[in-house]
Amino acid sequence: MALDLFSPVSLGSIALKNRMVMAPLTRNRAGEGGVPQAINAAYYEQRATAGLIITEATPISTMAHGYPALPGIYTDAQVAGWLKVTDAVHAKGGKIILQLWHVGRISHPSLLPNGALPVAPSAIKPEGKAFTYKGLVDYVEPRALEVSELSGIVADFVHATKYSLAAGFDGVEIHAANGYLLDQFLRDGSNKRTDNYGGSFENRARLLLEVTKAVVAVAGSDKVGIRISPVNPFNDMHDSNPQALFNYVVDELNQFNLAYLHAVEGGIHGGGIADPFDFDALRKHFKGAYVANLGYDKVRGNAAIASGHADAIAFGVPFIANPDLVQRYKADAALNEADSKTFYGGSEKGYTDYPFLNA
Ligand code: 8OZ
């Protein structure tokens with residue numbers, strides 16, 4: 001029988017009971033100090049029938065924050081909060097990994113320690129508005145990181161990886177997508193550096209590869225995945241030659257024998273029109289497992305798996321509205337509709353109160 005969404009698969013050492021991955025989803029409902037609460041554990045527990053849950057993007061340090069009410073993964077209290085999440089998911093037979101995040105310039109002094117300026121590869125203010133505790137405000141011009149500071153960024157990823165493992169996660173995903181710090185280094189619209197971290201593909205990929213090497217050294221390559229979004233224009237992103245850049249990045253990532261590569265195959269979050277890109281060609285560059293994301297449904301997901309394009313499919317919005325998405329796809333049942341007004345922030349409404357099929 002052909003492989004489909006319901007076939008088991010291993011991503012590195014992480015054994016999935018099916019190929020339906022819950023995509024990382026920012027929900028802005030963590031407690032004080034970035035500590036996950038019981039309601040967050042309930043939300044993830046409800047979705048434990050997914051083959052794998054990737055948590056919402058999670059800041060690795062105080063400087064990595066860029067939105068209200070994010071969880072963190074750098075204090076002991078945060079680890080204790082996450083342990084409740086991972087215990088709940090594991091008790092239901094699920095697998096869960098944490099997405100390691102540094103937002104770079106997509107932040108605001110009001111969200112950072114002592115009103116610090118956001119940091120970035122280059123001092124280029126992104127178009128658009130920051131989400132702050134006081135609503136939407138213009139982004140500020142970020143401060144370009146000194147080369148001497150980059151080892152500190154790598155160290156923050158390492159610290160957060162250790163804390164993720166202490167919090168019981170089955171692995172980690174490095175967030176190198178959607179216009180945040182590592183993606184800001186990769187793409188030349190946001191990286192105008194003239195040192196060893198700007199210019200050539202090799203230089204722009206350097207920080208991502210240093211982070212990957214360091215994270216793999218702590219977690220083991222079979223527990224580390226990476227998410228990229230080669231043509232997502234969200235967060236004012238652009239690259240002059242994305243196909244060649246990301247083919248190069250993937251060729252370089254092959255040296256690490258990662259658990260998987262996760263690609264956002266287009267533009268998300270209303271950031272504009274994505275440049276053309278051949279994701280099949282990108283996939284063929286990668287020697288390991290490939291997780292595809294963006295607009296897949298059951299039919300397209302099954303087709304992508306049967307054709308060999310993808311080993312698993314990450315579903316975002318469908319998992320927000322359907323905690324039992326796996327069961328619904330199996331039964332060809334109707335789906336709940338997602339309410340976009342409750343995506344970011346709020347309480348249990350639109351978070352833990354979407355009905356199950358057999359409720
Ligand atoms: C939407 C709103 C805020 C953050 C991403 C972490 O795009 C995000 C994000 C998405 O990766």
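How much space lies in the largest cavity? The largest cavity holds about 40 Å³ of space. This is a predicted model, in which local features need pLDDT of at least 70, side-chain atom pairs count only at pLDDT 80 or more, and totals for chains, interfaces and linings use all residues. Residues are numbered from 1 along each chain as its sequence is written, and side-chain values use heavy atoms, with hydrogens and water left out.

Figure 1. One cavity of 30 Å³ or more is present in the structure. On a 1 Å grid over the protein atoms alone, a cavity is a set of points where a 1.4 Å probe fits but cannot get out, and lining residues have an atom within 4 Å of a point. Grid points are joined across faces, edges and corners, and a volume is the space filled by probe spheres set on the points. R29, A30, P36, N40, Y44, E56, P71 and W82 line the largest cavity. This lining comprises five nonpolar, one polar and two charged residues (Ala, Val, Leu, Ile, Met, Phe, Trp, Tyr, Cys and Pro count as nonpolar, Asp, Glu, Lys and Arg as charged, and the others, Gly among them, as polar).

**Figure 2. The largest pocket.** A pocket is an open set of grid points with protein on both sides within 12 Å along at least five of seven lines. The volume of the largest pocket is about 930 Å³. It is lined by 40 residues, of which N178, F234, I268, H269 and Y344 are the closest to its centre. Two or more lining residues come from each of β5 (96-101), β7 (129-132), β14 (312-315) and α9 (317-321); helices (H or I, at least four residues) and strands (E, at least two) are DSSP runs, numbered from the N terminus. The largest share, three residues, is given by α9. By class, 22 of the lining residues are nonpolar, 13 polar and five charged.

Figure 3. The ligand takes up the space of the largest pocket (more than half of its atoms lie within 2 Å of the grid points). Around the ligand are T26, A57, Y67, W101, H175, N178, Y180, F234, H269 and Y344, each with a heavy atom within 4 Å of it. This shell has six nonpolar, four polar and no charged residues.

Figure 4. A polar contact here is a pair of N or O atoms within 3.5 Å. A ligand oxygen atom lies 2.8 Å from a side-chain N or O atom of H175. A distance of 2.8 Å also separates a ligand oxygen atom from a side-chain N or O atom of N178, and likewise of H269. Taken alone, the ligand exposes 300 Å², of which the protein buries 92% (Shrake-Rupley method, 1.4 Å probe).

Key. Polar contact = N/O pair within 3.5 Å; in protein donor to acceptor, adjacent residues only side chain to side chain.
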